[in-house]
Amino acid sequence: MSQMERRAFMKGAAGGALAFTVGGIEVLLTPAAARAQGVPLRTLTAAQAATLEALGETLVPGARQAGIAHFVDQQISIPADEALLEARILNVRPPYANFYRAALAAVDRASQALNSGRNFAQLGEAEQRSLVDSMRQNKIDGWQGPGGPFVYLLLRSDAVDVVYGTMDGYAGLGIPYMPHIAPTKRW
Amino acid sequence: MANEKVDVVIVGAGASGSTYAAALAKAGKKVVVLEQGPDWQLSDLISSDFWGRRVKPAGAPFLLEGKNPVSYGYQGGWGVGGAALHYFANFPRLLPNDFRIKSEHNRAHDWPISYQDVAPYYDKVARDVGVSGDAKAEEIWRPAGDPYPMPPMKTFRNGQIWLKGFESVGIRMVPAAVGMNSTEYKGRPACIYDGWCHVGCPIGALANPLVTYLADARKAGAEVRPWSSVTRVLTNAQGTKVTGVEYYDQKKERQVQEASVVVLAAWAAQNPRLLLNSSTDKHPRGLANTNGLVGKYMMTHFSSGTLAIFDENVENHMGTTGAQYMSYERYGKTAHKGAFGSSFIVAGTALKTSDLGGFANARLDLFGPELAAFMKRAARGFSRIGAFGEEMPNIENRIELASDKDEFGMPLGRIIHSYDDDVPKLWEANFAEGLAIAKAAGAKEMWSGRGNIPTIHLMGGTIMGTGAENSVVNSYGQTHEISNLYMAGPGIFATSGASNPTYTIFALSLRGAEQLATKWSTIAG
């Protein structure tokens with residue numbers, strides 16, 4: 001195997017292309033492209049996606065545009081065995097959609113209780129940061145759902161994935177990506 | 001559905017199962033290896049943190065309980081190759097003091113064997129799979145043995161930069177022993193230091209089972225059946241011998257594989273789960289469990305990570321996920337005043353951005369613009385060192401069957417795990433020393449990687465000992481109660497030591513397999 005072959009960049013995997021359904025046809029898109037093209041969500045509701053985008057953007061700037069909602073939606077819509085989510089290695093019990101629904105509901109419940117009935121996506125930036133900081137430290141009275149620090153860890157990881165875990169993310173930080181292998185198949 | 005009877009059925013195609021399969025197939029035995037997950041190929045090992053999660057378990061059938069629940073997801077294996085498909089391939093060994101803690105400190109257990117019983121197998125494994133390192137340098141801490149077949153790996157600035165700090169506190173660092181190729185070895189290429197070891201090495205420079213023992217096993221005629229989920233070990237009517245296993249295939253259809261010998265190599269937690277689920281009227285508490293010790297003495301390692309940012313480009317993307325340097329300088333059980341247990345120290349690791357070990361997680365308290373600013377600083381100057389700590393075996397740390405069941409009707413397992421008072425003391429001692437090292441190394445920013453005390457490398461559950469009064473298996477992994485039933489993997493460790501376990505897993509598995517082959521007619525007859 002030549003050095004060039006070993007270092008060949010892969011456009012599918014490390015680029016973050018996933019299988020999305022557009023017009024009944026399965027196509028490979030990055031989550032960012034899926035968002036930009038308005039690919040319909042399969043599992044999350046529009047309200048859940050709005051909360052997830054706002055939360056992702058608060059955690060890691062750029063997560064909204066990088067398609068965190070489409071990434072998570074696609075991932076919780078496929079069999080758990082195929083999922084690429086950090087939830088997999090943080091010992092979350094499948095189906096992963098259950099965790100995300102519960103986590104996003106907990107965030108909105110806390111937001112409503114602390115901010116006159118407004119959901120997280122409706123808050124100003126400072127309010128969103130304040131809530132996330134309290135959630136991170138498990139300091140929200142009456143929190144209901146998966147533990148606040150764990151929700152913070154897992155959603156932050158998803159946001160890091162879509163912003164920094166891709167080849168574009170590495171390029172943005174000036175880090176050589178250096179993959180061993182070009183993908184030979186979609187998996 | 002029954003399959004043709006074979007000599008040996010091995011449950012699990014990871015490090016230990018592959019080693020047994022190779023040794024026994026080469027000894028002329030008809031071997032079938034059952035693996036619950038996919039039949040991964042090297043070409044599946046894509047260099048990406050989130051794609052790399054595909055080779056890890058998705059919701060393993062265990063409930064995690066206790067004050068320090070065991071975290072298996074990052075380290076666990078799923079599919080052919082097991083966890084050794086994506087391990088870091090650090091190859092430190094246990095030291096002589098690990099084998100006699102009871103004799104020397106009146107704590108824990110002695111092993112029924114000594115370091116000298118295992119040492120020849122460390123050397124054999126090194127030749128079989130390829131190890132790079134400097135054995136002579138290690139001999140300041142251990143008895144002499146064979147040289148490693150390859151010279152040490154390259155080092156990089158992200159490792160070198162720490163050496164001055166270690167020297168300042170009197171810690172000698174030597175080239176890390178790793179299961180990787182510093183040069184071409186047995187037709188496998190040399191490492192190219194891209195730092196993607198933790199998601200699997202697709203060029204075979206890292207000694208994963210697909211390119212070492214499992215390849216040998218297949219070449220010698222062993223059959224590997226992926227998507228085969230074993231649910232029970234079967235016995236004869238008298239309960240004196242095992243006769244095979246029950247499993248479910250990819251179509252979810254029940255199968256039986258009869259065999260003269262059964263080797264459970266399914267992971268430290270899964271082996272007890274299988275034994276407990278295989279109860280019969282002759283073995284009402286589960287197989288090999290008359291003494292009630294199956295599932296007991298689960299152990300993990302914990303690490304004290306010291307993290308730092310240096311005022312230079314340390315090229316932290318370069319190298320391997322394993323270590324460049326290692327040290328046993330704090331391996332004495334009482335090396336840290338006021339704490340008990342060994343510590344094993346490593347330095348120099350390639351880092352990626354995301355995933356559990358990525359540098360985004362180096363400052364979990366940061367989010368938003370502060371995280372973005374940190375990522376830019378860390379991309380240039382971040383590095384870390386680590387000290388693994390040893391947990392003493394505690395009978396309360398255990399596996400039990402739960403009332404919930406999996407898709408095949410098999411009860412889930414409960415892994416109940418809590419650290420005792422020794423652990424935080426050792427954890428803190430290593431943090432304190434780590435910060436002193438970072439300061440002396442000239443770090444610009446330095447901090448301890450705190451949070452919950454981590455649980456790394458699950459071991460125990462079917463520990464070895466001198467007899468049924470204190471253990472489940474003998475030093476070969478053969479159960480005391482049923483002579484043709486073997487346990488393989490880290491579950492048979494009597495104590496955990498502090499060094500990464502896989503080298504010892506290979507060595508003990510090779511030792512057990514050779515004993516089985518040598519005494520075949522007595523054991524299988």
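B:Asp421 occupies the loop between strand S14 (411-416) and helix H11 (422-441) of chain B, helices (H or I, at least four residues) and strands (E, at least two) being DSSP runs numbered from the N terminus. This is a predicted model, in which local features need pLDDT of at least 70 and side-chain atom pairs count only at pLDDT 80 or more, while totals for chains, interfaces and linings use all residues. Residues are numbered from 1 along each chain as its sequence is written, chains are lettered from A in the order in which they are written, and side-chain values use heavy atoms, with hydrogens and water left out.

**Two loop residues of chain B**

- B:Asp421 counts as exposed because its relative accessibility is 62%; the classes are buried under 20% relative accessible area, exposed over 50% and partly exposed in between (1.4 Å probe, protein chains only).
- B:Gly295, in the loop between helix H9 (270-276) and strand S9 (296-309) of chain B, is buried, with a relative accessible area of 0%.
- Beyond its neighbours within four places in sequence, B:Gly295 is in contact (heavy atoms within 4.5 Å) with B:Pro272, B:Asn397, B:Arg398, B:Ile399 and B:Gly461.

**Interface of chain A and chain B**

- The contact involves 55 residues from chain A and 58 residues from chain B.
- About 4,900 Å² is buried between the two chains, 62% of it from carbon and sulfur atoms; buried area is the accessible area (1.4 Å probe) that two parts lose on being put together, summed over both.
- There are four salt bridges between chain A and chain B, each a side-chain nitrogen of Lys or Arg within 4 Å of a carboxyl oxygen of Asp or Glu.
- A:Arg93 forms a salt bridge with B:Asp404, their closest N and O atoms being 4.0 Å apart.

**Aromatic pairs**

- The whole structure holds 34 aromatic pairs over all chains, where rings of Phe, Tyr and Trp (its six-membered ring) pair if their centres lie within 6.5 Å, and planes under 30 degrees apart count as stacked, over 60 as edge-to-face and the rest as tilted.
- B:Phe62 and B:Trp267 have ring centres 5.5 Å apart and planes at 80 degrees, so the pair is edge-to-face.
- This pair links distant parts of the chain, 205 residues apart: B:Phe62 lies in strand S3 (residues 62-65), and B:Trp267 in the loop between strand S8 (254-264) and H9.
- B:Phe62 is buried at 6% relative accessibility, whereas B:Trp267 is partly exposed at 27%.
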